[in-house]
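The structure comes first, and the notes follow by topic.

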Amino acid sequence: MLSERIKSAIDFAIEKHQGQVDKAGKPYFGHVLRVALSVASRQDIPDDDDYFISAILHDVVEDAKVSLAEIEERWGKVVADAVDSVSRQIKHKRKESYMQLIERAGQNEIGIVVKMADLEDNSNPERIASLPPDNRDIVKRYDRAKKDLLEVIRVKEEQKVAMSIDGGA
């Protein structure tokens, strides 16, 4: 059973992505939904709404010009911070680089999970094959980003182990 928070986030994302298509010309909400379902299927994350909601809203700031303040007002600071961590920022009229975005996503526990699911969906071989040939080399950027995020996860896991050993001594 879906909570009212999740239902409202789904309705909001459907509304904000209405009419948008991905690079292959397919309805954009399909991508958003696949990312959210991937996050929801994970067994290693807390069973709360924030992960799913963050995933379903992960592209509304960049692609639908929704403000983080609106997200925070409707779904709370945890969700707004997670969405912020996976949304490219513009500073001094310059959009941050993709790798800067990946570094920021790696600093937020929910952001890491959402961005990994996003990258997995974006680099799905069926999706890549449906792209125009001149867009297919984007998979290299996705692979590098996944590698970088996996390294962040590895380091965080090592730190947790070290802290548990130190705390147990």
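This is a predicted model: local features need pLDDT of at least 70, side-chain atom pairs count only at pLDDT 80 or more; totals for chains, interfaces and linings use all residues.

**Lys 65**
- Lys 65 sits in the loop between α4 and α5 (68-75).
- Its phi is near 55 degrees, which is a positive value in a residue other than glycine.
- For comparison, most residues other than glycine have a negative phi.

**Helix α2**
- Helix α2 is made up of 12 residues.
- From its first C-alpha to its last, α2 reaches 16 Å, close to the 16 Å expected at 1.5 Å a residue.
- The buried residues in α2 are Phe 29, His 31, Val 32, Val 35, Ala 36 and Val 39.
- These residues lie on the same side of α2, because they cover an arc of only 160 degrees around the axis.
- An α-helix has 3.6 residues a turn, so residues three or four places apart point the same way.
- The packing partners of the buried residues of α2 are α1 (4-17), α3 (49-56), α8 and α9.

**Largest pocket**
- The largest pocket holds about 610 Å³ of space.
- It is lined by 30 residues, and those closest to its centre are Lys 23, Tyr 28, Asp 59, Asn 122 and Tyr 142.
- At least two lining residues come from each of α2 (29-40), α4 (60-64), α7 (98-105), α8 (109-122), α9 (125-129) and α10 (138-168).
- By class, the lining of the largest pocket has 14 charged, 11 nonpolar and five polar residues.

**Second largest pocket**
- The volume of the second largest pocket is about 240 Å³.
- Its lining includes Arg 42, Asp 44, Ile 45, Pro 46, Tyr 51 and Glu 109.
- Also in the lining of the second largest pocket are Ile 112, Val 113, Ile 153, Lys 156, Glu 157 and Lys 160.
- Two or more of these residues come from α8, and two or more from α10.
- With four residues, α10 gives the largest share of the lining of the second largest pocket.
- The lining of the second largest pocket has six nonpolar and six charged residues, and no polar ones.

Notes. Residues are numbered from 1 along each chain as its sequence is written. Side-chain values use heavy atoms; hydrogens and water are left out. On a 1 Å grid over the protein atoms alone, a cavity is a set of points where a 1.4 Å probe fits but cannot get out, and a pocket is an open set with protein on both sides within 12 Å along at least five of seven lines; lining residues have an atom within 4 Å of a point. Grid points are joined across faces, edges and corners, and a volume is the space filled by probe spheres set on the points. Ala, Val, Leu, Ile, Met, Phe, Trp, Tyr, Cys and Pro count as nonpolar, Asp, Glu, Lys and Arg as charged, and the others, Gly among them, as polar. The expected span of a helix is 1.5 Å times one less than its number of residues. Buried means under 20% relative accessible area, exposed over 50%, partly exposed in between (1.4 Å probe, protein chains only). The arc is that of the directions from the helix axis to the C-beta atoms. Contact means heavy atoms within 4.5 Å.
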